[in-house]
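Please take a moment to look at the sequence and the structure below, and then follow the paragraphs with both in view.

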Amino acid sequence: MSVSFQGYRRADGRVGVRNQVAILSAMDNTNPSAQRIAAMVAGTVVLSTPFGRTQIGHDFEMTRKTLAGLACHPNIAAVIVLSLSLESGADLARSARASGKPVACLGLQECGSALAMTMEGVKTAAGFVVAASEIAREACPFAELTVAVECGGSDTTSGLASNPTLGQFADRFIDAGGTIILSEPAEFMGAEHILAARTVQPEDAERIRRMVGWFEEEAARAGVDMRGTNPTPDNIAGGLSTLEEKSLGAIVKGGTRPIVEVIGYADAPSRRGLVIMDTPSAACESMTGLVGGGAQIVLFSTGRGNAIGAPVAPTVKVTGNPNTARAMAENIDLDVSGIIARGESIEAHADRLWTEVFKIAQGKLTRCEVLHEEQLSVSRFGPSV
Amino acid sequence: MTKALLVKQGDNVATSLDRLARGEQVSLAAGGTALEVRLAEDIAFGHKFAVRPIAAGEPILKYAETIGLATRAIAPGEWVHVHNVESVRARGDRAPGGAR
């Protein structure tokens, strides 16, 4: 099945579903300028973290890799890198340029002041946005996309309706040649044997067990029962009794196909098919890693209700809970609660999801995009010094 | 509509798909199994109840997988949740030097 959609073919060969200009703040102290520029120029998106100074080692590398992944992302047409000095932003600017897109670099100290950098950034961004608007969509294979699956605010309907719908989409998308990324290994706990049995590369089964084991050791180190932290209080109110129950419902959203690769936070998949990424189970951090690794679209299943979306990649909110579908209607892109309320088939709702994702890939806006329900949150892997 | 769902044949809990009241009779089917359960208490939407007697320490089965262990005997129709099920994973509180 070779289906084409209208997307943006980038200089590095990758395909985008959006065409935004990124205002990338290389460190915390230039974030206000990035915010001002984005507020003044339509078609821009801020890439920033509340950190970025005196990070060291692995933690520094991960922040840098994630921001670079977002800057090079095919949903981004051009990048403006802001930094305290040109020198400190040069590394990220170099990475962004490698993707072949227009990149400008501004240093606060070189501009003279934060406001001077803001005005320079506004002028540059306006030019980039106008130029980006001339890039036309063209026919691209739908299955060239990488779609990430995520869940948040889970309850028992997640495992019975919305996650199975995402899972059927995942199977069909992989069968068509696409890539799906499943993440949050802490929420594999109690279900890791099912995933480990589906790995293609033998060492990946062990990697999955190790990722889950690491989380269990963290709980032991902290001396806590994870219940109350995960499952969260809202998960428990929604009927989920243990992390095992949550996990068994959560892994369903990745479908049933073989696992071709296990990758680290914000790494780009190198194989097509079902890929597992090691991320924390906090949704914003997880999605930032998934999009940093190149996912162009995120499918987000929610039970009790969770409105947040990923930065850069349109996030499709799906719920199988009839109460949430009513109460959160303005945040939900696809209501699959008919599976529970009317006994409708998961297949029929997976069809609807396919159509919805296709439309969103071609430019239909998601609720998260329209309502600015987006949060970039790069995980920390160590303290600043 | 279906009042509750038994995911897999052999599961010892079912999930309520409505606000169910004590005394209600619920019909369940999965695979070749058909069950009738009278609810011993109100069961909120999305919450679970036992479909057969579960002994203390016995695994709670949903999706034909273990989701935890019963901390006490649970009768058919009783609510099954954090008050009578415990996780057996990530129990740092039981680790040496843990909270308990």
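Ala4(B) stands opposite Ser16(B) in strand β2(B), and in that strand the bridge partner of Leu5(B) is Thr15(B). Here helices (H or I, at least four residues) and strands (E, at least two) are DSSP runs, numbered from the N terminus, and two strands pair if DSSP finds at least two bridges between them. By that rule 2 bridges join β1(B) to β2(B), residues 13–16 of chain B, and the two strands run antiparallel. The model is a predicted one, in which local features need pLDDT of at least 70 and side-chain atom pairs count only at pLDDT 80 or more, while totals for chains, interfaces and linings use all residues. Residues are numbered from 1 along each chain as its sequence is written, and chains are lettered from A and ligands numbered from 1 in the order in which they are written.

Strand β3 (residues 25–30) of chain B runs antiparallel to strand β4 (residues 33–38) of chain B, and 6 bridges join them; in β4(B), Glu36(B) is the bridge partner of Ser27(B). As for confidence, the mean pLDDT of chain B (pLDDT is the predictor's confidence in each residue, from 0 to 100) is 92, and 94% of the residues of chain B reach 70 or more.

We can now turn to chain A, which has 15 helices and 14 strands. Taken along the principal axes, the C-alpha atoms of chain A fill a box of roughly 60 × 50 × 40 Å.

The domain assignment of chain A, with bounds that come from an automatic or database domain assignment, gives domain 1 (20–132) and domain 2 (142–370). The centres of these two domains of chain A, taken over C-alpha atoms, are separated by 30 Å. Where they meet, 11 residues of domain 1 of chain A are in contact with 12 residues of domain 2 of chain A, and two residues are in contact if their C-beta atoms, placed from the backbone, lie within 7 Å. On the domain 1 side, the elements that give two or more residues are β4 and α2 (57–71) of chain A, and α2(A) gives the most, with 5 residues.

Chain A contains an open sheet of 4 strands with parallel pairing, in the order β4-β3-β5-β6, and its edge strands, each pairing on one side only, are β4 (44–47) and β6 (103–107) of chain A. Strand β3 (residues 20–25) of chain A pairs with β4(A) in the parallel sense over 4 bridges, and Ile23(A) stands opposite Val46(A) in β4(A). Helix α5 (residues 114–132) of chain A packs on this sheet, touching β3, β4, β5 (76–83) and β6 of chain A, and its direction makes about 170° with that of β5(A); axes are lines fitted to C-alpha atoms, for helices over the stretch in contact, and angles run from 0 to 180 degrees between N-to-C directions.

How many residues of chain A are in contact with chain B? There are 30 residues of chain A in contact with 29 residues of chain B. On the side of chain A that touches chain B, α6 (156–175), α8 (202–222), α10 (243–250) and α13 (338–341) of chain A each supply at least two residues, and α8(A) gives the largest share, 6 residues. For the complex as a whole, the predictor gives an ipTM of 0.94 and a pTM of 0.95.
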